[in-house]
Amino acid sequence: MKSIKAAGLIFANPFIAASGTFGYADSCLDFYHPDLLGGFVLKGISLEPRKGNSPMRIIETPSGMINAIGLENIGIERLIKDKIPFIETLHSVAIANLYAETKDDFIELAEKINEIKRIDAVEINISCPNVKSGGMQFGVSPEMTENLTKNIKKVSSKPVIVKLSPNVTDICEIAKAAEGAGADALSLINTISAMIIDTKKMLPALANVTGGLSGPAILPIAVRMVYQVYEAVSIPIIGGGGISSVNDALQFVMAGASLVSIGTYNFISPASIPVIIKQFNNEVKKTDYSYSDLIGIAHRQHFT
Amino acid sequence: MIETQGIIVSNKPAAGSIHRIEVETERMELSKPGQFAMIGIPDEGFHLNRPFSIYKQKENRLTFLIQKRGMITSRLIKKSVGTKLRIIGPLGNWFSDAPAVIVAAGSSIAAFGDFIGRKDSTIFYGAATKDDLIDIKADFFSTMDGSRGFRGNLIELFMTKRKQIDKRNLYIAGPAAFIKAFRNRIDDDLANRCCASLEAYMGCGFGVCLGCVINTKSGYRRVCKDGTIFSLKELLL
Ligand SMILES: Cc1cc2nc3c(=O)[nH]c(=O)nc-3n(C[C@H](O)[C@H](O)[C@H](O)COP(=O)(O)OP(=O)(O)OC[C@H]3O[C@@H](n4cnc5c(N)ncnc54)[C@H](O)[C@@H]3O)c2cc1C
Ligand SMILES: Cc1cc2nc3c(=O)[nH]c(=O)nc-3n(C[C@H](O)[C@H](O)[C@H](O)COP(=O)(O)O)c2cc1C
Ligand code: FES
């Protein structure tokens with residue numbers, strides 16, 4: 001397959017490992033080399049280290065899981081000191097996922113990332129449902145999305161990807177606001193706000209009460225959102241939510257995603273992405289279309 | 001650590017609701033005492049893999065003791081020979097194989113397969129009733145109904161033998177509540193040289209999801225990767 005150009009970057013294949021499911025690109029080393037991926041998104045990073053939420057933090061649900069990790073992370077200083085040296089040895093596209101509670105902190109974080117040569121792009125997480133402030137609070141309002149994206153675009157020397165929340169009435173509105181503010185690409189979807197009650201304990205199963213649903217359960221919602229956003233904007237889309245097979249990935253591409261991301265499935269079958277990539281290339285070859293023709297093709301076909 | 005396919009080659013009741021399941025994997029690194037594997041049933045749709053101690057290993061063949069608890073364990077114990085499993089392992093840190101005193105209740109005995117039958121180690125093993133005890137050589141047994149060995153709680157049995165516990169390593173395994181009860185009952189001298197293998201609800205099993213953390217004196221630590229074995233005095237249970 002030819003490489004894919006999106007957001008000013010070149011991806012060897014369309015597969016991206018999703019933030020929070022791939023550590024700092026070192027968690028897969030026992031299974032495969034990260035250079036086999038088109039790219040990867042690092043665990044969400046903040047200016048200061050974050051402790052995260054108290055346990056229970058995760059629970060299985062029908063065809064999915066809910067997590068409320070609360071963005072536990074090592075903070076930007078340790079990312080630079082402990083993790084970047086390894087990431088510098090890699091060749092696939094490296095994307096940092098940024099999280100902050102205020103606009104000013106987001107800006108400071110983006111400035112710090114400018115200093116890290118090996119980071120190719122930033123993904124701004126305005127869609128985490130598991131933290132009290134920041135996160136989703138930015139991502140549910142078109143005005144705040146626009147304002148924050150503009151400010152980060154102003155200072156960032158890297159392509160800016162805005163990661164959208166599905167926890168909104170109209171995701172297209174937010175997508176347009178991000179595009180209008182200069183976003184280079186969109187990433188969707190983040191997890192869907194959800195909860196489980198433990199009926200034996202008569203309590204919410206997670207200590208944070210609510211968390212974010214991911215896995216196959218959210219796939220049809222995510223495909224629908226990618227389909228709609230593709231019609232609303234013209235910047236590239238990284239599509240994902242529940243992908244665990246070639247057919248899943250193809251759905252996102254046909255809905256309009258230029259790139260696809262795999263998250264939760266990295267926990268289930270951590271050696272799988274390279275296998276899926278190979279099968280995917282074969283499937284694409286079997287169609288009469290080039291990969292770029294397949295992107296959004298479901299919009300151009302007619303029911304017969 | 002690797003992800004590989006396993007095939008069930010034997011699945012037999014071991015005691016009560018515990019089955020002894022042997023799995024032939026395509027390849028497997030040699031595990032160390034107390035390590036575990038994540039097991040999934042790939043042909044049965046989405047579910048998180050579940051953690052199980054590697055009870056015994058001979059080259060690529062792993063033996064697990066699996067107790068029926070909820071959805072996946074209920075299915076596993078019914079699986080016939082030839083069923084394909086997903087196996088990720090070996091995972092977690094391990095016990096030193098120096099002589100040890102071991103306290104294990106129920107299926108937690110699976111963490112100590114390498115110690116069973118060793119003359120230099122002492123095993124305290126307990127369950128609700130004698131039918132729930134798997135057939136192994138232990139030094140002291142307890143059952144809640146007194147059907148075998150000491151009548152009552154395993155921790156109480158252990159305390160009656162306190163004077164015989166020398167300076168060997170002390171190992172315990174089980175859910176946090178059991179380990180907490182143990183810590184609250186023993187003296188500082190024992191607590192200072194006790195290592196506990198914890199259970200936690202796990203997402204990935206290899207350190208990446210941050211779902212399995214427990215509170216320790218040095219903050220949240222991942223049970224799957226920083227443990228499962230922690231020094232007892234580090235834990236804030
Ligand atoms: C490192 C490790 C080693 C283990 N080794 C063994 C072993 O050798 N043999 C064995 O039989 N079992 C072992 N267990 C326990 C085993 O993993 C669980 O019994 C299993 O995951 C339950 O799966 P299930 O689908 O049957 O239950 P589920 O349907 O997932 O759960 C049933 C109920 O139990 C709760 N639950 C499940 N797991 C946990 C947990 N870890 N902590 C708190 N609540 C929980 C669920 O919330 C639910 O309420 C081990 C656990 C760990 C962490
Ligand atoms: C345990 C866990 C942690 C996550 N952490 C982050 C994060 O730090 N930043 C972020 O933008 N998304 C995070 N996500 C969301 C994923 O990147 C992804 O968008 C979402 O899970 C949907 O895809 P999936 O169904 O393939 O997992 C996390 C998801 C999970 C399950
Ligand atoms: S289970 Fe995922 S980090 Fe421990």
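Author: Let's start with a rule: rings of Phe, Tyr and Trp (for Trp, the six-membered ring) count as a pair if their centres lie within 6.5 Å, with planes under 30 degrees apart called stacked, over 60 edge-to-face and the rest tilted. By that rule, a search of the whole structure turns up 13 aromatic pairs over all chains. One of them is A:Phe31 with B:Phe206, an edge-to-face pair at 5.3 Å centre to centre and 70° between the planes. A:Phe31 sits in the loop between strand S3 (15-17) and strand S4 (39-41) of chain A, and B:Phe206 in the loop between strand S13 (194-198) and strand S14 (213-216) of chain B, so this pair joins two chains. (Strands are DSSP runs of E, at least two residues; helices are runs of H or I, at least four; both are numbered from the N terminus.) A:Phe31 counts as buried at 14% relative accessibility, and B:Phe206 is buried too, at 5%; buried means under 20% relative accessible area, exposed over 50% and partly exposed in between, with a 1.4 Å probe and protein chains only.

A word on ground rules: this is a predicted model, where local features need pLDDT of at least 70 and side-chain atom pairs count only at pLDDT 80 or more, while totals for chains, interfaces and linings use all residues. Residues are numbered from 1 along each chain as its sequence is written, chains are lettered from A and ligands numbered from 1 in the order written, and side-chain values use heavy atoms, leaving out hydrogens and water.

Now the wider interface. The contact (heavy atoms within 4.5 Å) takes 33 residues from chain A and 22 from chain B. About 2400 Å² is buried between them, 65% of it from carbon and sulfur atoms; that is the accessible area (1.4 Å probe) lost when the two parts are put together, summed over both. In chain A, the most area is lost by A:Glu60, A:Phe267 and A:Ile268, together 29% of what that side buries.

As for where chain A's side comes from, strand S5 (58-61), strand S6 (64-67) and helix H8 (265-268) each supply at least two residues. The largest share, four residues, comes from H8(A).
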